[in-house]
Amino acid sequence: YLGAALSLLPEDHWRSHYDLSLRLSFLMAGAAKSCCQYVEAEQILRRISERCRCFEDKLPSYYLLSQIFQTQGRVVDAFDTCSFVLLQLGETIPDLVALDAVKTMAKDTLTMYQEVDDDDWLERKMEDETFHTKLQFYTSITFSSFFCKSYSLRVYFTCKAVQLSLQKGICEHTPLSLLQFTGAVANTDNAVLCY
C-alpha cells in the first residue's frame with residue numbers, strides 16, 4: 001500500500017511533496033524491516049538519506065538503520081552509524097576509555113542519581129529534541145558496543161546516557177538507559193551502590 005501511494009506521487013515528488021515523500025519512504029522502510037526484508041529496508045533508508053534536505057530529517061532513518069544492523073548481527077555497522085550521528089550532534093566518541101576513568105564516571109553518575117529529587121525529576125520531561133535524539137542513539141550505541149567494543153567503552157556510553165537524562169529530563173528512552181547502566185555497574189565494584 002505504501003509503495004502504491006508513493007507511486008501515485010509525481011516524478012519530482014521529493015521536491016514537490018517533500019514531507020509526504022519522507023514519511024511514506026520511512027514507513028516503507030519500517031514495514032520492510034518488520035517483514036525481515038532488511039536489504040530492501042536498508043536501500044530505502046539510504047535513498048532517504050540522499051534526498052533529505054537537512055541532517056535532522058535523516059535522524060529517524062539513521063536510527064532505524066542502526067536497529068536493522070543490530071538485528072542482522074552487524075554490530076560494528078550499528079556502532080559506526082550511532083557513532084557518526086553522535087559526532088554530528090556534537091558528542092565525543094572516544095576510541096578507548098581507561099577502566100579507572102570509567103569507574104570514576106560510574107561513581108559520579110550514581111552520585112548524580114542519588115542527588116536527584118525523584119518527584120521533580122520524574123515530572124521533568126526532556127523537551128529538547130536534540131537531547132532526546134542523543135539519548136536514543138546512546139542507548140543504541142551502548143547495545144552494539146556490548147558486542148564489539150571494550151567493557152569500559154560500554155560503561156562510558158551508558159553513563160553518558162544516564163547523565164543526559166538526569167540533567168535534561170526523562171523520555172521514553174530513559175528506562176532503557178537506566179537498565180543498561182544497572183547492568184554495567186553491576187559488573188563493577190559499585191554494584192552495592194546500585195541497589
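**The nonpolar core and its rings**

Tutor: If neighbours within four places in sequence are left aside, Val85 is in contact with Phe55, Leu59, Tyr62 and Phe137, where contact means heavy atoms within 4.5 Å. Before going further, please note that this is a predicted model, in which local features need pLDDT of at least 70 and side-chain atom pairs count only at pLDDT 80 or more, while totals for chains, interfaces and linings use all residues. Residues are numbered from 1 along each chain as its sequence is written, and side-chain values use heavy atoms, with hydrogens and water left out.

Val85 belongs to the largest nonpolar core, which has 36 residues, and together with Phe137, Ile141, Tyr156 and Phe157 it touches the most other members. A nonpolar core is a set of buried Ala, Val, Leu, Ile, Met, Phe, Trp, Tyr and Cys residues joined through side-chain atoms within 4.5 Å; buried means under 20% relative accessible area, exposed over 50%, and partly exposed in between, with a 1.4 Å probe and protein chains only. At least two residues of this core come from each of α5 (55–71), α6 (75–88), α7 (99–115), α9 (129–148), α10 (151–168) and α11 (174–185), and the largest share, nine residues, is supplied by α10. These labels are for helices, which are DSSP runs (H or I, at least four residues) numbered from the N terminus. Apart from this core lies another, of 20 residues, among them Trp14, Leu22, Met28 and Leu45. In soluble globular proteins, nonpolar side chains tend to be buried together.

Now to the rings. Rings of Phe, Tyr and Trp (its six-membered ring) pair if their centres lie within 6.5 Å, and planes under 30 degrees apart count as stacked, over 60 as edge-to-face and the rest as tilted; by this rule there are 11 aromatic pairs. In one of them, the centres of Phe55 and Phe84 are 6.3 Å apart and the planes stand at 75 degrees, so this pair is edge-to-face. Phe55 is in helix α5 and Phe84 in helix α6, 29 residues apart, and their pair thus links distant parts of the chain. Phe84 has a relative accessible area of 37%, so it is partly exposed.

Tyr138 and Phe157 also pair, with centres 6.3 Å apart, but their planes are at 40 degrees and so the pair is tilted. Because Tyr138 lies in helix α9 and Phe157 in helix α10, this pair ties together parts that are 19 residues apart in sequence. Tyr138 is buried because its relative accessible area is 1%, and Phe157 counts as buried at 0%. Ring pairs also join Phe79, Tyr138, Tyr156 and Phe157 into a cluster. Over the face of Phe79 lies Lys149, at 4.6 Å from the ring centre; a charge sits over a ring if NZ of Lys or CZ of Arg is within 6 Å of the ring centre and within 35 degrees of the ring normal.

Finally, look at Ser165, which also lies in helix α10 and is buried, with a relative accessible area of 1%. Ser165 and Tyr113 are 52 residues apart along the chain, and their C-alpha atoms are separated by 9.8 Å.
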